[in-house]
Amino acid sequence: MHIVREFLGWDLPIVKLAVKKLIGLWDGSTLDLSHILVVVPTKQSGRRLREGIARYAAQRNAGVLPPQTVTPDFFIRPENSPVKVATAIESTAAWAEVLMGVDLDNFISLFPKKPENQNDPKWALGLTEKISKLRTLLSENGLILKDVAGKCSELVEESERWIDMAGLEKLYLKKLSDAGLEDVHVAKIKYLAQNIDLTGIDRIIVLAVPDPTPFSLKAIEKAAGQMTVEVWIHAPENMTDSFDKWGRPVPSFWEKENIIFPEGKEFIRLRGDAQAQSDDVINILLEQQRALDVSEFAIAAPNANLLSYIEKSFMPYGVEVYDPAGESITLNSMFHLVKTMGDLCSNKQYDSWSALLRNSDMIRHISAKNRNFDPVRMLTQLDRFQNMHMPDSMKDISFFLDRYKDGAFEDLKSSHAEILTFIKLFEKSRPIEFVRSFLGEVYKNIKVDTSLWGNTKQSDTAQVINNVLEDMDSPVFGDLFMSSELQMEILFKVLKSKSIYPDHAERAVPIQGWLEMPWEDAEILIIAGMNEGFVPDSIVGDIFLPDLPREKLGVTNNSSRFARDSYLLTSMINSRPQGGVYCIVGKNDVSGDPLKPSRLLLRCSDEELLDRANMLFQEVSETEREIITPEHQWKLAPKLGGNVKHMSATAFKDYLKCPFRFYLKRVLKMEHIDDRKTEADAMEFGNACHIPLELFGKSEELRECQDPFVIAAFLQEQAEIFMKNKFGNDLPLALTVQLDTIKKRLGRVAEVEVQLRSDGWKTLETEYEIGGGEGVVINGMLIVGKIDRIDIRDGVIRIIDYKTSDSATDPLKAHVKRANDDTADYAFFEQDGKDKCWTDLQLPLYHVLLDMDPRFKKYEKHCGYFMIPKALEETGVSFWKELDADYLDHAKVCIDKVIDNICGEVFWPPAEKVAFDDFEGLHTGSLKDVVDISIFENVEVK
């Protein structure tokens with residue numbers, strides 16, 4: 001084989017130069033290029049070349065037989081093996097089975113620390129993915145792990161690890177061999193360039209392929225035989241020393257070569273976040289006065305995270321963008337349905353169950369089977385059920401749902417029954433059969449009109465899933481392993497790598513990859529995300545093969561990648577002499593993490609370097625964007641007329657904190673709830689302390705007990721009973737920790753109780769219902785509630801409220817604070833010559849209510865808290881010594897005003913800021929911005 005290099009120059013883009021040279025001295029008759037085989041870097045570049053030739057012929061109203069275009073891998077034919085070559089799924093299965101079954105003690109250099117669970121499919125598949133990527137990398141130079149451990153061992157470090165990996169590879173290859181399969185990389189090496197039919201081909205042209213693998217070049221040499229191979233290089237003749245014989249950029253040259261941008265325009269642009277980079281794409285086109293037409297420009301996003309932001313930037317102009325590389329099926333609800341169902345069948349955990357119930361396709365399926373099913377009601381029940389019981393497993397879910405016989409959680413129960421049906425199907429079916437049956441059952445009642453634009457995604461995803469299932473549905477695959485869990489994990493692992501290619505408008509703008517840009521012939525090229533790690537794509541911290549050994553082994557490395565990308569950017573700039581290549585550098589990634597500018601942009605003259613560095617590393621202040629807040633989309637339109645008939649003693653605190661939040665919570669009964677609760681909330685934590693104390697107070701024998709250990713044992717046992725009745729016998733870690741905390745606090749409470757008895761105090765009532773259960777009317781409002789405890793000694797009663805907050809609270813400070821300019825009139829009062837305001841009325845209100853109760857009005861009353869805080873030494877009773885007649889008079893005035901306002905429906909304005917805002921999800925700044933206040937305009941505040 002003879003190699004001839006041809007330098008095309010770079011005064012025009014590759015496609016135009018290549019078409020011009022291929023056409024040659026065409027005489028206008030039908031052009032026949034079918035005898036030429038053109039090797040191009042990617043399939044997309046081959047399509048570009050054929051389009052360029054077709055356009056040239058169309059302009060001359062003539063026909064053309066285009067050349068055959070192939071990528072370098074065309075010459076590597078593993079399918080020529082006489083033995084069936086293992087598919088990706090079969091190879092993955094074989095590796096996973098080896099890793100899960102091998103004795104890791106025999107591979108101590110590779111596994112100095114064993115995994116927690118060697119039988120975990122996720123561990124095995126994670127390592128399989130790493131090893132497979134390593135073997136693919138080595139195959140670039142026709143190597144497998146055995147070669148590195150043997151003949152190439154002097155080129156790598158930690159040879160013992162490579163020997164271990166080669167040992168695992170040997171087991172893997174044997175497993176394939178026993179199943180009648182051959183490994184794809186072994187087959188490529190064995191049958192390099194065999195049976196490649198080049199009949200009718202008299203020219204092979206390697207066209208602007210900057211980084212063919214050494215192994216593919218060996219294949220081209222072997223396939224070409226005695227034929228001359230032409231290497232066409234997109235560069236001028238005077239750069240002959242900067243490329244090797246195959247047209248690959250020589251690293252020693254390109255690592256030093258400056259990249260020169262034309263003067264006069266801002267071709268390198270630093271922008272802040274992802275949206276700013278994407279917006280700048282539009283800015284460049286507007287600056288150039290370009291129509292937003294795909295023929296006018298080309299866009300690349302080496303950082304794929306920018307795609308959705310670029311799409312958003314084009315939306316106001318009615319221009320669609322798309323990713324030619326396709327859309328991952330992981331974005332489709334069908335994939336998530338299968339994945340979540342598979343996870344649930346394997347782990348039987350609440351999170352998977354909840355995710356399945358929230359899948360839109362599952363909801364539609366259940367709705368189709370049950371006419372009385374209400375999706376909104378079911379999702380509400382799901383949140384409440386989780387908050388009430390915090391189930392951890394399917395066992396817990398079934399246990400708690402079976403408790404409800406009165407129709408409560410009916411929609412949730414019917415949904416659970418449907419899911420259990422699928423789990424039973426999984427347990428008696430092969431995974432492949434299960435997935436097919438499951439999808440068939442769910443989607444049989446779901447009709448999608450595929451004639452509508454964009455509605456093919458679901459059917460396309462279904463086809464991809466079916467294709468993978470067909471690959472798995474083979475005797476060989478079934479013989480490789482037995483675990484259903486592993487089969488499902490392999491299915492998901494393979495599916496995650498699959499894409500679909502949704503339809504797009506004819507003039508939609510493709511957002512290309514970096515390697516496609518040199519093949520664009522548009523005058524304007526815009527590269528968004530020109531950052532280190534994306535261009536060039538750097539190799540950092542590879543656990544198996546760092547950069548230096550890669551270079552020695554002749555596979556992709558940082559040096560070759562930098563040379564390639566330096567050359568490509570240079571060729572793009574020079575092929576647009578008037579300047580048309582714009583590089584947008586991001587300051588931060590979509591996650592907010594800082595980014596470095598591409599090293600390519602620092603390849604400039606020493607005189608320019610300082611200014612370039614200052615520009616690329618400067619601070620960027622983005623134009624402040626409008627934040628889309630709820631007031632731009634909707635406003636709450638509350639309705640008055642929900643008259644409050646009664647109030648609890650604790651509700652006054654809510655009104656004092658914020659009248660409008662009181663209205664949302666107490667009148668409209670709004671509450672924030674979801675199923676992400678992971679531990680007992682403050683009320684449940686308090687109840688776990690209150691209920692044991694209530695039971696203690698009702699036991700005459702225990703009330704007289706002087707042994708703190710006996711009291712503690714009782715309180716702690718009751719706390720555990722409460723927690724397990726509510727959350728199940730197998731408490732998750734968070735609840736176990738909380739229960740342990742509660743027991744410690746109650747142990748200290750027992751000691752305090754003994755001291756109180758020694759001091760002569762006796763418990764008269766626990767959980768005393770105000771007014772003997774009838775409530776008490778104040779200013780026309782029925783006040784209801786329970787007092788935690790009433791103790792008595794020598795004609796004096798103590799009104800006690802349990803407090804289980806983390807820190808001890810002074811009763812006075814909990815009820816009263818210094819007034820300020822924002823204090824509402826109804827909360828304001830003067831005491832001891834100082835301006836004060838009420839923040840709570842609970843204890844004074846208890847005092848007033850018992851003064852009105854015939855049973856207790858005769859007693860002197862003290863009010864306070866029984867503190868049960870985190871700091872055990874602070875446990876004890878704290879009383880409001882200053883609660884005298886003046887305070888009580890002020891409290892009565894405030895109570896009356898609050899009741900007047902509530903009865904008069906005075907719920908506006910809201911407090912601007914409150915601690916622990918239950919409604920913060922409704923607004924981004926102020927509740928005033930998201931409410932239609934017209935209904936409050938004629939309401940008078942008292």
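1. The protein chain of this predicted model has an average pLDDT of 90, and 96% of the residues score at least 70; pLDDT is the predictor's confidence in each residue, from 0 to 100. Over residues 623-632 the pLDDT is below 50, and beyond near neighbours in sequence this stretch has 14 contacts in the model (contact: heavy atoms within 4.5 Å). Where pLDDT is low, the predicted coordinates should not be read in detail.

2. Local features need pLDDT of at least 70, side-chain atom pairs count only at pLDDT 80 or more, and totals for chains, interfaces and linings use all residues. Residues are numbered from 1 along each chain as its sequence is written, and side-chain values use heavy atoms, with hydrogens and water left out.

3. Strand S8 (residues 203-207) is mostly covered, with four of its five residues buried (under 20% relative accessible area, 1.4 Å probe, protein chains only). Helices (H or I, at least four residues) and strands (E, at least two) are DSSP runs, numbered from the N terminus.

4. S8 pairs in the parallel sense with strand S3 (residues 36-39) over four bridges; pairing requires at least two DSSP bridges between the strands. Val39 has Val206 of S8 as its bridge partner.

5. Four bridges also join S8 to strand S9 (residues 228-233), again in parallel. Here Val206 is partnered by Val231 of S9.

6. In helix H13 (residues 350-358), the buried residues are Tyr350, Ser352, Trp353, Ser354, Leu356 and Leu357. Their cover includes helices H12 (333-347), H14 (360-369), H15 (375-389), H16 (394-401) and H17 (410-428).

Methods: Buried < 20%, exposed > 50% of the residue type's maximum accessible area, 1.4 Å probe, protein only.
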